[in-house]
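Keep the model in view while reading.

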Amino acid sequence: MPYKLLIFTCYGGCAMGVAASKACIRLWEENVGEVKIGCLPAVIVPWKLNEIKKSEKRILIDACGVQCGKKLIEREGMPVDRYIELTSELGVRKAKQLPSKALEEQVYRVIQKEVGALLGGNLLEEEKKEAV
Ligand code: SF4
């Protein structure tokens, strides 16, 4: 069965990259059945790319302006419904260190908002909890 939404991130070794990785895992945990992390390096394998393209929607998150993920998907021909480059989106410089809890939460909120929009405005589990 095709996935509803695949989330791809660059898994960069910097504050933003680690925060994005943790946010993607959290969103998967909170939305099992609707959201799944996709394997970004696997886009270079033709049969994996074909499998990935069968998902209903795809979002890609790059942690910094080097845009490794974007370059990879453009080279391999993987379309995405939404692209975020976090340092530009949040207006912060790349930091080669682990993220603060505040940054982790900020990054989670940015990605959560986009994931929610791509799922057609469905309330995500976290929002459902906050609403009760
Ligand atoms: S986009 Fe930036 S953080 Fe992500 S893998 Fe490339 S250099 Fe690292």
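Two strands are said to pair if DSSP finds at least two bridges between them. The model discussed here is a predicted one.

Start with the whole chain. The protein chain contains six helices and four strands. Followed along the sequence, these elements give the pattern β-α-β-α-β-α-β-α-α-α. The radius of gyration of the protein chain is 14 Å, close to the 14 Å that the globule rule gives for 132 residues, so the chain is as compact as a globular protein of that length. The C-alpha trace spans about 40 × 35 × 20 Å along its principal axes.

Now turn to the sheet. In general, the strands of a sheet pair through backbone hydrogen bonds, and the pairing is either parallel or antiparallel. Here four strands form an open sheet in the order E2-E1-E3-E4, and the pairing is parallel. Which strands stand at the edges? They are E2 (35–37) and E4 (82–85), and each has a single partner strand, so one side of each is left without a neighbour in the sheet. From one strand to the next, the twist averages 20°.

The individual pairings can be traced by their bridges. Strand E1, residues 5–9, pairs with E2 in the parallel sense over three bridges. Within this pair, Leu 5 has Val 35 of E2 as its bridge partner.

Helix H3, residues 68–76, makes a right-handed β-α-β unit together with E3 and E4. Helix H5, residues 101–118, lies across E1, E2, E3 (57–62) and E4. The direction of H5 is at about 165° to that of E3.

Finally, look at the ligand. Which residues are around the ligand? They are Cys 10, Gly 12, Cys 14, Gly 17, Asp 62, Ala 63, Cys 64, Val 66, Gln 67 and Cys 68. By class, the residues of this shell divide into six nonpolar, three polar and one charged.

Notes: Residues are numbered from 1 along each chain as its sequence is written. This is a predicted model: local features need pLDDT of at least 70, side-chain atom pairs count only at pLDDT 80 or more; totals for chains, interfaces and linings use all residues. A residue is near a molecule or strand if its C-beta atom, placed from the backbone, lies within 6 Å of it. Ala, Val, Leu, Ile, Met, Phe, Trp, Tyr, Cys and Pro count as nonpolar, Asp, Glu, Lys and Arg as charged, and the others, Gly among them, as polar. Helices (H or I, at least four residues) and strands (E, at least two) are DSSP runs, numbered from the N terminus. Axes are lines fitted to C-alpha atoms, for helices over the stretch in contact, and angles run from 0 to 180 degrees between N-to-C directions. Two residues are in contact if their C-beta atoms, placed from the backbone, lie within 7 Å. A crossover is right-handed if, with the strands pointing away from the viewer, the path from the first strand over the helix to the second runs clockwise. The radius of gyration is taken over C-alpha atoms; the globule rule is 2.2 Å times the number of residues to the power 0.38.
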